[in-house]
Amino acid sequence: MEERLQEGTGEYLKAHEEIVERVKANQPEDEYLYDLSELFKIFGDSTRIKILYSLFDTELCVSDMATILNLSQSSVSHQLRILKDAKLVKFRRDGKAIFYSLDDEHVRMILSLGMEHVEE
C-alpha cells in the first residue's frame, strides 16, 4: 500500500496499488466514455423516453405517436431526429408513410433494465 500526500489538503491518502492499477488498466478510453455519456443524455429527456416506450412492441408513424403521446407531430419529429442520430430508432418507408421502430435489441434491453431498476 502506498501513502501519498493529497494535493492542497495536507492529508495522506492510502492507495492500494494493485487495485488502482487494475482499475486504471480496465478503464475504457475517454472517447468511449464521452460517447456513453452522450448516449445517456439522450435518455435524459422524458419525451424521448415516452417515444422509445411507444415503440417498444410495435412500429409507429409520427401521427400515431403524436396521438398516443398527446404531442404535436412537429415535436415528435424533432425528437425522432435526435433518436435516429443516436441510432436508437430506425425507420422504413411504405409509400408516403414512414414507420419508426427501435433500432435494435440493445435499445429494448436498456429500457427494460432501466425500468427494472426504477421499479425496485
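This is a predicted model: local features need pLDDT of at least 70, side-chain atom pairs count only at pLDDT 80 or more; totals for chains, interfaces and linings use all residues.
1. Residues are numbered from 1 along each chain as its sequence is written, and side-chain values use heavy atoms, without hydrogens and water. Local features need pLDDT of at least 70 and side-chain atom pairs count only at pLDDT 80 or more, whereas totals for chains, interfaces and linings use all residues.

2. The structure holds 3 salt bridges (a side-chain nitrogen of Lys or Arg within 4 Å of a carboxyl oxygen of Asp or Glu). One of them joins Glu-59 to Arg-92, with the closest N and O atoms 2.5 Å apart; because Glu-59 lies in the loop between α3 and β3 and Arg-92 in strand β4, the pair ties together parts that are 33 residues apart in sequence. Helices (H or I, at least four residues) and strands (E, at least two) are DSSP runs, numbered from the N terminus.

3. Within helix α2, Glu-38 and Lys-41 meet in a salt bridge at 3.0 Å, N to O, and, being 3 residues apart, they are separated by about one helical turn. In helix α6, Glu-105 and Arg-108 are likewise 3 residues apart, and their closest N and O atoms are 3.2 Å apart.

4. The axes of helix α3 and helix α5 come within 10 Å and cross at roughly 80° (axes are lines fitted to C-alpha atoms, for helices over the stretch in contact, with angles from 0 to 180 degrees between N-to-C directions). The two helices, α3 and α5, are therefore roughly perpendicular, a term covering 65 to 115 degrees.

Technical notes
Angles under 35 degrees count as roughly parallel, over 145 as roughly antiparallel, 65 to 115 as roughly perpendicular and the rest as oblique.
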